[in-house]
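I am opening a notebook on this structure.

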Amino acid sequence: MSAAAGGAEPVLLPMGVQLLDAVMAIEVRAYPFPWSRGNFVDSIAAGYLTRCLVSPEGELLGYLVAMAGFREWHLLNVTVSPEHQGRGLARQLMQALREHAETEGADCLWLEVRPSNHRARALYARLGYAQVGVRRDYYPDAGGRREDALVLCLELQPGAAG
């Protein structure tokens, strides 16, 4: 991975195939049930919004994958490297997604989150997401069990980011 150009702030770059080794290194450390490399390859090939947050030194700090719908965006994956969590990077990724969605004229952002993921739920609440539903047995869990997903939505103001 090449160093990000200029400045002391991390930069957002498209997730290209050249970043997948670094993405996978984070993914397998961050989750007990990580996405496969194929999930990321398919997301890139499908034209989903895929962004990597890279330090000025070229270190991958986090990433997101989101899919467009009709006047909406659906967050599929947002992850910050475990050693860089708690620094506001997830908030930065989520803000970038919001700005992109508003620029594209979306009315809302959707996502699912595990009820047990208290840190993510707290972030989403601070960002204004509201729970609108539950998907039963959505996520794999330990011992062959399943965990529900909370469905969250954030109402947007299309064009506000432009």
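Entry 1. I looked up H3 and H4, whose axes come within 11 Å and cross at roughly 50 degrees. Axes here are lines fitted to C-alpha atoms, for helices over the stretch in contact, with angles from 0 to 180 degrees between N-to-C directions. H3 and H4 are therefore oblique to each other (under 35 degrees is roughly parallel, over 145 roughly antiparallel, 65 to 115 roughly perpendicular, the rest oblique). I noted the crossing of H3 and H4 as right-handed, that is, the near helix is turned clockwise from the far one by less than a right angle.

I then listed the contact (heavy atoms within 4.5 Å): Ala 90, Arg 91 and Met 94 in H3 meet Leu 123, Tyr 124 and Arg 126 in H4. These residues divide into four nonpolar, no polar and two charged. Ala, Val, Leu, Ile, Met, Phe, Trp, Tyr, Cys and Pro count as nonpolar, Asp, Glu, Lys and Arg as charged, and the others as polar.

Entry 2. I noted the source. The model is predicted, and local features need pLDDT of at least 70, side-chain atom pairs 80 or more, while totals for chains, interfaces and linings use all residues. Residues are numbered from 1 along each chain as its sequence is written, and side-chain values use heavy atoms, without hydrogens and water.

Entry 3. I turned to H1 (residues 20-30) and H2 (residues 37-45), whose axes come within 10 Å and cross at roughly 130 degrees. That makes H1 oblique to H2. The crossing of H1 and H2 is right-handed. In H1, Leu 20, Asp 21, Val 23, Met 24 and Glu 27 meet Arg 37, Phe 40, Val 41 and Ile 44 of H2. I sorted the residues of this contact into six nonpolar, no polar and three charged.

Helices (H or I, at least four residues) are DSSP runs, numbered from the N terminus.

Methods:
Helix = DSSP H or I, 4+ residues; strand = E, 2+ residues; numbered from the N terminus.
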